[in-house]
Amino acid sequence: MLAVEGLSKSFGGVAAMQNVTLDFAAGSLTAIIGPNGAGKTTFFNLISGAMRPDRGSVKLAGEDIGGLSPTQIVRRGIARAFQIANIFPSLTVEAILTATVQAHLGYSERITRRFPLPECRDRAFEVMTMLGLSDKAALLSSSLSHGDQKLLDIGLALVLEPRVLLLDEPTAGMGPEERWQMIAKVQELWERQKMTLVFIEHDMDIVFKIAQSIRVLCYGRVLAEGSPSEIRGNPEVIAAYLGTSQETRNQESRSQETRGL
Amino acid sequence: MDLATLATCLSSSACIVTQSTGGLIIGMLLFLVAAGLTLIFGVLKVVNFTHGSFYMLGAYFALTIYQLTGSYTLTILGAGAATAIVALVFERLFISRVYGQNVLMQLLVCYGFVLIFDDLVKIIWGVEFKSMGMPPAFQVPPLFIAGGLVPPFYLFVVGVALVIGLTLWLVIERTRLGKTVRAAAYNPSMVAALGINTGYLYGLVFALGGLLAGFAGALAAPVRSLTPGMGFSILIESFIVTVIGGMGSIVGAFVAALAIGLIRSFGSLGFPLFTDGLMYLFMALVLIARPTGLFGKEIA
Amino acid sequence: MTHARRNRIDRRTLLKSAAASTVGLLAAPMVARSENKSIKIGMSTILSGRVAQLGTSSRNAVMMEIEKVNAAGGLAGRQIEMVIRDSKGQPQEAARLSRELVNSDGCEILIDAEASSGAFAVHEVARDLGMLTLHTNSETSSLSADPKLHLPNAFRVCRQGVHDCIVGGAYAAKVAKTKNLTKWMTTSPDYAYGRDTTGEYMSYVKYFNPDVEVVGEAWPKLFQPDYTEVLTKILQTKPQALYSCLWGGDVTAFIDQGNIYALFGQVETFAVNMADYTALTAVKNLPKGIHSGNRYIKTFPNTPENAAWADAYRAKYNEYPTNWAWENASAIHFLAAAAKKANSADGAKLAEVMKGLTIASPFGADGNITLRAEDQTMVGYAIGWGTTISTEPYVTDMTAGDWKQILELEAEWKKKKNYA
Amino acid sequence: MMTRHSLAFDVLLGVAALAVLAIVPLVFPSKALVDFMIRFSAYALFATSLNFLVGYGGMVSFGHGMFFGLGAYSFALLMQRTGMPIPAAFALTLLLCAALGLVVGAICVRLKEIYFAFLTLAFQMLVHSLIILWVPLTGGDQGLRGGIPRPPFLGINLANQTHLYFTSCTLLIIGLILMHHLVQSPFGYTLRMIRDNAARANFLGVAVFRVRLIAFVMAGIFAGTGGVIMSLFVSGAYPEFAYWTISGEGIFIIMLGGLNAFLGPAVGTVILLVLNDVVTRHTEYYGLTLGIIILLFALGLRRGLLDVLIDLWHRHAAFARAGKKAGSVPKASL
């Protein structure tokens, strides 16, 4: 479904991504892991069109989408949710979802009718029910709990009915059981939507629990790929990654946040 | 348009010298005002529309102090200090209340004070325009450099401005305070985390901005006529400068100020009717080419 | 809590101003215009901003004269009440105020003490409302000369660009002959007044002295703070003589900045607007021998009446009158005289008798000034040129302009412009 | 069916408002009121269109006055130079404003925050200096003189102040209805999304650039309408109309009235005009007075008047419903 080949990107001479070649089978559920500065987020940025690759190709179902604009890539069926939930603070959950649906259906520049267009609204409510946010429909997104914000963020991506969904640390900054609820939700959605799901995650327990296969990035290179069991046993990975403690991971994820896009 | 004149000028060293010093003096005074503006924006993220008023106050303070003391040195220092104090009070009492608020809200406060300061000047110094007069020390014939005319006073002004600019740069780049300031500009929360009193820092930055504007006013007072609202044109020009240079960049302000100065002095030869237009045109072109100004940080 | 209080306070202030306004708007008086009642004269001028000083002096002069008129029984028995508003120098405000003065303040006569663009705005209002309107400050010739703009109810009671230019041209040409100044340059503010005046002035200099050629022009913006680029350009062009119609704070800044380039030693300078007390008293180390037209000076015309008027003004407001001051005073003089003649304060009747009205005036070249019937603009006022000195009376060797010559050449000028 | 949120409802309100406005001059036969309402229409259209950009699009333009000026000049010129009927000149004027909006917008809307603001300012000042320079056409700094011919059309004679009053009010109300409709349309919500978080909207497949550009053009058209009314009021046009001060006043107005409420700018316009008219009556220290009042707003209310009122209303409602308070999360930015 999604395949990258020889993907490279550097910032001011510093190589963030070096000749990465990976592919993700249709309908697969893949985790991307790697230590601080491994280039995980950069990887997503390159796929989703937030950054143009210096070299290499990004293919979606065989079509080269390298260097297309985010909008074009979204239209082709790659959606992403973000590390930090980037919701629209002054709008209600319902409005945001509805507006997203209308964007997906190509109505976002309609001026002949009034918002909300019934068809969009209905779809929005479906998604809300699916996410279990129905009772929060009328709340400002900025007043949602962190978890719900991330959920909504994922919901927005789902609205676009993506063939490939990229989740950047769906559980970042959540408490233990919140994490598990979230991940259960993600898994459920994945099964229901029959899509290719790629997610960046730090919590190894989560990764090993749900991922079908795992890709390990390290300093912009592919360190290893394989099934959870294979990765678990891989000495390089253990050396490079599993050593680091949870705290540093959190800091690291934050430092990546501040870098933003 | 009068490109012939421009061409002949560019072919004569005398003309180039004269025009360049002309551009330099305009640019330097602009720089002093713009530097404060860009500093304040860089650190406080406040677009300080009252900055022109600081320049005006500097000039009027200079007028009074000069009349009292008769010493131009005292005048410059005094005007700078007095303006710095005004700026500090202004920041502590008012601007500090709108930090982190909608930019437009801050703008509104500043605008309010532009109006207030203008009328205060009117009440204190009168509506009629004033002129401070040239200090005797500088009432001397201009020098000839490479056939070009260079008034000693302007040499002095440019010199002082350069010294101030350099000091400012050193302070920002070399001192601990400067580090803090840059840190604050980069990421305020970090400064707070370092346990530095941001209130104190912000007040200081504003005072510094006021000081610079005050100096500019004092340096301009002998040659420019003082009127309520005189701060306005320089405000717009120094905004153009800061935007061209990139909001928050002192170096950018310096380069842009010189550019504007030269554009004015040479532009007036080539396009006598469009000198202002040229300025805006230049700004538009720069922004189109570099959306965050020459030295501005990319806001992604 | 405190927040709530803030709101309350503020709501109150707001309600006040709102109330005030609604009163101002809704209760707009449908004025009964009975003869014995006092008459309101509306005046919009510039009381704030760069030109505030001139606006204030206009108001001072008007008030000073109104006092006299009222003391003498008012306009045909009706005491004058002035309603003076600040347009802040914005033409649309000038238009708005003039309408308001008539429509809601019930003024029956308008004095337009605005600078040029404001004057044209008020002129449109005068066209619309048909009120008797006296333009007292705009020197732009077309205001009265252009028949397309002519209104039976609008008069210009102030100097006129073209008159200045003819007199100045003749004077400059004479100086140019004696001192053999052929290479001229001009430096004038880049707006209508500056362009027209400069163009006409130089054309008359050439008319009187064909050897003169203009070798360069510089057009600083109005109110430009820094003239360096202009000065350096002058120094590049190296003219023998320089004409400028910069005025007010601009001319003083220009002089101050020119001094440090030692400009006035090198170039014979003709600055028409130098000889006005606002500039003369403000500028430090005023160079000797700058040629200037009279804007207003106590010593020209050198008559006891003029001196007396200046002293009275100074005694009252402890500053010397400005060019705008004497012009506005003249407006009141004309109104008073017209009212006497028509024995009425009715605008239409006043306008009727004002056409061609001649009155004795301290500002007249020969003791009289006239509102010329054909284009309803003032002629015969004192106009002349002299040279500056650094102390009172600031200007000496005044040469008076010859009105016979002015009128002849003005007529030609009108033909050239297809105004007549 | 007609809900509070339907266009039909707005139209009904508009008609009602117009009816009231029609009666007012009969009840209070005050020329001053008529003049005031004409100016109000001009400024309210201008300010509301600016708020369409600032409040809903998050695009703070310092150059919006360029459309006000263009509107005034092109209408006045078309009427003076060509004998065309008023509606034609009006339509053509709006077309010109749209064109200017398209060109300037295409260049500006890419830029972020303050830079967008200053680039728009730059273009406005270019328009301004063009007006000043092109004396033969525009009359330069003296403004466009000689009055605007007003041939009657459809029984409307704009030379008559009362007719002008009705026409301005009608234009205002039509303008408000249209803008409110835009704001309530799917487009309007896309615009809000972009204001809140352009980058995220981009990743949801919203064509940010195009949406912003469209908004910029629309705002330009309505601002131009305001300019037309102003030119009719002063029967001329002045460079001041295209000067930055007009844009400044616009910003000022929306801050006074409130940029989160659709009618905020209209309220703000009333406040500013009343302040201007009342204060200038009583003092020549206009700046001082106005400045202090501004501070009361900025530091006292901290929001536009209408925003405050609506807030209070909501609070009341909330207390009534005893609804639970929601903790706020700082605005995330991408």
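How many of the five residues of strand S6 (residues 183-187) of chain C are buried? Four of them are, so S6(C) is largely enclosed by the rest of the structure; buried here means that 20 or more other C-beta atoms lie within 10 Å of a residue's own, exposed means 12 or fewer, partly exposed is in between, and C-beta atoms are placed from the backbone. This is a predicted model, in which local features need pLDDT of at least 70 and side-chain atom pairs count only at pLDDT 80 or more, while totals for chains, interfaces and linings use all residues. Residues are numbered from 1 along each chain as its sequence is written, and chains are lettered from A and ligands numbered from 1 in the order in which they are written. Helices (H or I, at least four residues) and strands (E, at least two) are DSSP runs, numbered from the N terminus.

**Chain A overall**

- Chain A holds 10 helices and 10 strands.
- Its radius of gyration is 18 Å, close to the 18 Å that the globule rule gives for 261 residues, so chain A is as compact as a globular protein of that length. The radius is taken over C-alpha atoms, and the rule is 2.2 Å times the number of residues to the power 0.38.
- Along the principal axes, the C-alpha atoms of chain A fill a box of roughly 60 × 40 × 35 Å.
- Of the 261 residues in chain A, 48% count as buried.
- Among contacts in chain A with a separation of 6 or more, 66% come from residues 24 or more positions apart; two residues are in contact if their C-beta atoms, placed from the backbone, lie within 7 Å.

**Strands and pairing**

- Chain A has an open sheet of six strands in the order S6-S7-S8-S3-S9-S10, with mixed pairing. Two strands pair if DSSP finds at least two bridges between them.
- At the edges of this sheet stand strand S6 (78-81) and strand S10 (221-226) of chain A, each with a single partner strand, so one side of each is left without a neighbour in the sheet.
- From one strand to the next, the twist averages 20 degrees; axes are lines fitted to C-alpha atoms, for helices over the stretch in contact, and angles run from 0 to 180 degrees between N-to-C directions.
- Strand S7 (residues 164-168) and strand S8 (residues 196-200) of chain A pair in the parallel sense over five bridges, with A:Val164 opposite A:Thr196 in S8(A).
- In chain C, S6(C) pairs in the parallel sense with strand S7 (residues 213-218) over five bridges, and C:Thr186 stands opposite C:Glu217 in S7(C).

**Where the chains meet**

- Five pairs of chains touch, and the most contacts are between chains C and D.
- In that pair, 41 residues of chain C are in contact with 35 residues of chain D. The largest share of the chain C side, 13 residues, comes from H1(C). By class, the chain C side divides into 16 nonpolar, 13 polar and 12 charged residues; Ala, Val, Leu, Ile, Met, Phe, Trp, Tyr, Cys and Pro count as nonpolar, Asp, Glu, Lys and Arg as charged, and the others, Gly among them, as polar.
- The contact between chains B and D takes 31 residues from chain B and 29 residues from chain D. H5(B) gives the largest share of the chain B side, 11 residues. That side has 24 nonpolar, three polar and four charged residues.
- Chains A and C do not touch, and their nearest C-alpha atoms are 22 Å apart.

**A buried helix in chain D**

- Helix H9 (residues 208-234) of chain D has 27 residues and reaches 39 Å from its first C-alpha to its last, close to the 39 Å expected at 1.5 Å a residue. The expected span is 1.5 Å times one less than the number of residues.
- Of the 27 residues of H9(D), 23 are buried, so this helix is largely enclosed by the rest of the structure.
- D:Ser235 follows H9(D), and its phi is positive, near 35 degrees.

**Backbone details to check on screen**

- A cis peptide bond joins A:Phe115 and A:Pro116, with omega about -5 degrees. A:Pro116 lies in the loop between helix H3 (93-104) and helix H4 (118-131) of chain A.
- The peptide bond from C:Glu392 to C:Pro393 is also cis, with omega near 0 degrees.
- A:Glu169 has a positive phi near 50 degrees and is buried, with 23 other C-beta atoms within 10 Å.
- C:Asn180 has a positive phi near 55 degrees and counts as exposed, with 9 C-beta neighbours inside 10 Å.
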